[in-house]
Amino acid sequence: MSRTPTAAPRTEGRIFGTDWSIANVARLLRSNAGRGVWRQTGDTGGTTGPVNRYYLRTVSARHLPSGVSLIFMRLEAENCWYLSLCFAAGDEVAPWNPETAELWLRALFGEDRPCVREAADIHPDARQFTLAMSA
């Protein structure tokens, strides 16, 4: 499990209902992401796998009111913030919603939003974004 995960309709993390705003979920995920890091290694043994799985559970979420499933984490090797986001309807992928995606991007990256880069089409159902961390 060392490959960078991508968001899917089914999440490893919590599912949030109408009592959680985008801003509140973003604040929680950002806090959780700051407490760890995703380690990409070729080593399947040792403690990296379980640590990565635990980290993934704390930085993944599905927000039912906005129809979004996402992963927000720090990537150790790239030294960046990483967001994978997809839209979900039930257990199926839903069409991309640019307005709602922008709400999430602003909530997670704040004033750094203009510096966020979208990765080329890596995954057909989810989009990935990165922001280099300052030294």
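**Strands, pockets and cysteines**

Tutor: W81 stands opposite L131, a residue of β7. Please keep in mind that this is a predicted model.

Student: How many bridges join β4 to β7, and do they run parallel or antiparallel?

Tutor: The two strands run antiparallel, and 6 bridges join them.

Student: Which strand pairs with β7 over 2 bridges?

Tutor: That is β6, residues 117-118, which also pairs with β7 in the antiparallel sense. Within this part of the model, E118 has F129 of β7 as its bridge partner.

Student: Let us turn to pockets. What is the volume of the largest pocket?

Tutor: Its volume is about 270 Å³. The lining consists of 18 residues, and those nearest the centre of the pocket are P5, T6, A7, L56 and I71.

Student: Which strands each supply at least two residues of that lining?

Tutor: They are β2, residues 60-63, and β3, residues 68-75. Of the elements, β3 gives the most, with 3 residues.

Student: And how do the lining residues divide into nonpolar, polar and charged?

Tutor: For the largest pocket, 9 are nonpolar, 6 are polar and 3 are charged.

Student: What about the second largest pocket: which residues lie nearest its centre?

Tutor: H123, P124, D125, A126 and R127 do, out of 17 lining residues. The volume of the second largest pocket is about 160 Å³.

Student: How many of its lining residues are nonpolar, polar and charged?

Tutor: The lining of the second largest pocket has 11 nonpolar, 2 polar and 4 charged residues.

Student: New topic: how many disulfides are there?

Tutor: The count is 0 disulfides. Taking C80, the nearest cysteine sulfur belongs to C115 and is 13 Å away, and C80 is in no disulfide.

Student: Are C80 and C86 buried or exposed?

Tutor: C80 is buried, at a relative accessible area of 6%. C86 also counts as buried, its relative accessibility being 0%. The cut-off for buried is under 20% relative accessible area.

Conventions
Residues are numbered from 1 along each chain as its sequence is written. This is a predicted model: local features need pLDDT of at least 70, side-chain atom pairs count only at pLDDT 80 or more; totals for chains, interfaces and linings use all residues. Side-chain values use heavy atoms; hydrogens and water are left out. A disulfide is a pair of cysteine sulfur atoms within 2.5 Å. Buried means under 20% relative accessible area, exposed over 50%, partly exposed in between (1.4 Å probe, protein chains only). On a 1 Å grid over the protein atoms alone, a cavity is a set of points where a 1.4 Å probe fits but cannot get out, and a pocket is an open set with protein on both sides within 12 Å along at least five of seven lines; lining residues have an atom within 4 Å of a point. Grid points are joined across faces, edges and corners, and a volume is the space filled by probe spheres set on the points. Helices (H or I, at least four residues) and strands (E, at least two) are DSSP runs, numbered from the N terminus. Ala, Val, Leu, Ile, Met, Phe, Trp, Tyr, Cys and Pro count as nonpolar, Asp, Glu, Lys and Arg as charged, and the others, Gly among them, as polar. Two strands pair if DSSP finds at least two bridges between them.
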